[in-house]
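Subject: Structure handover

Hello,

Here is the structure I promised to pass on. Please open it beside this email and follow along.

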Amino acid sequence: MNHGPLPDVDGSSAAAASLELTILMPCLDEAETLAACIRMARAYLSGSGVRGEVLVADNGSTDGSQRIAEREGARVVDVAQRGYGAALAAGIGAARGRYVVMGDADASYDFSRLDAFLDALRAGSDLVIGNRFRGGIAPGAMPFLHRYLGNPVLSFLGRLFYGVQVRDFHCGLRGFNRDRIAALGLVAPGMEFASEMVVKASLAGCRISEVPTTLRPDGRSRPPHLRTWRDGWRHLRFLLVHSPRWLFLLPGSVLVAVGGAAMAVIGVRSVSIGALNLDVHTLSYAGAAIVLGVQMLLFAVLTTSMGIRHGWLPADGRGRGLLSAFTLERCLVAAALMFLAGIAMSLHAVYLWAARDFGVLDPSATMRWVIPSVTLMGVGGQVGLAAFFLEALRLPDAPR
């Protein structure tokens, strides 16, 4: 579809209102490659007939990138806050197009081939991620660790945690509906902005798709801004923190189930599996597993409550149903029952000791009462204190 020649993007409201696409490039000292990227982007706009603009979100370049961008016909927005995410967030806020395609200004992405992104957006996708593994990665374009460890592992975790069927979670070339993404309230200032966009789009129920794209070696003579381990950890941290189910709920459930089963069996008698004998020493580890598992389950509840309250987790029926079951009164009753049961078992252990005139005890007998009693009292205390913490999280914010 031909929309005519490139519009004048000098800020007139009429021109801005008619733009379909903004090609957005974050920039920090990209003088070596910026001009080539802008020319590719403008060539795409003029060749396809798409009414659009090229926007450079400059992050404080000192190598003259701003002048180069303006000379090549791009619009420049200055972003005082440093960081990849900060630059992109400001660029999205300043974009005039209905759709935005963003990509690094290091000549690694092909801005002249954006049809697949725009077609997917026009078909209703809210976010379209490029897939470099399907489109082709040129030799030397992606470090070995990124290609065979970092990107595959982080993409797998993203699909597992959030159900996003995207194979290249961190591709820098992506397109999106400007209003839908702006409404997500993205705030990450650094490289984890890429993860934040996909995660929050998924949690908000946005329609996400992917298209093949290519990756070439960047054209700069200096090292990239990306730091492998630092930024990889930031991405992983973001994925974990925004998924209480995978960070706390599921592993906590496994620990409680395994620890509870072990305590129920070994608490009665020792268990022999071949030459392996499981007795009170194993019972103590089972108690530790239960205490840790319950702590993780409580963290899942508290984190979900905080996420819903602060808007970074959806307030769907499942989350609200989970939280509504944990009232202060119910939790205190459960905590008191567990604590009293623990005290009762401790008193029985003392009774056994008294029967021996407070002399030497048989650990295999008394520890079967002591370990479960200590576990119950510890778990009861955790539940009671967490219930008050949850109640504090439910208090309304004071006006400021």
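Take contacts between residues at least 6 apart in sequence: 76% of them join residues at least 24 apart. Contact means heavy atoms within 4.5 Å.

A word on the source. This is a predicted model, where local features need pLDDT of at least 70 and side-chain atom pairs count only at pLDDT 80 or more, while totals for chains, interfaces and linings use all residues. Residues are numbered from 1 along each chain as its sequence is written, and side-chain values use heavy atoms, with hydrogens and water left out.

Overall picture. The protein has 15 helices and 9 strands. These are DSSP runs numbered from the N terminus: helices are H or I with at least four residues, strands are E with at least two. The radius of gyration, taken over C-alpha atoms, is 29 Å. A compact globule of 400 residues would have one near 21 Å; that rule is 2.2 Å times the number of residues to the power 0.38. The C-alpha trace spans about 100 × 55 × 40 Å along its principal axes.

Two strands pair if DSSP finds at least two bridges between them. Strands 5 (127-131) and 6 (174-177) run antiparallel and share 3 bridges. There, Ile129 stands opposite Arg174.

The axes of helix 7 (144-162) and helix 10 (228-241) come within 10 Å and cross at roughly 10°. So helix 7 is roughly parallel to helix 10; that label covers angles under 35 degrees. Axes are lines fitted to C-alpha atoms, for helices over the stretch in contact, and angles run from 0 to 180 degrees between N-to-C directions.

Two loop residues. Which one lies between strand 4 (99-102) and helix 5 (115-122)? That is Ala107. Its phi is positive, about 70°, although Ala107 is not a glycine. Ala107 counts as buried because its relative accessibility is 17%; buried means under 20% relative accessible area, with a 1.4 Å probe and protein chains only. Phe358 also has a positive phi, near 55°. Phe358 sits between helix 14 (328-355) and helix 15 (363-393).

Best wishes

Terms used: Buried < 20%, exposed > 50% of the residue type's maximum accessible area, 1.4 Å probe, protein only. Parallel < 35°, antiparallel > 145°, perpendicular 65-115°, else oblique.
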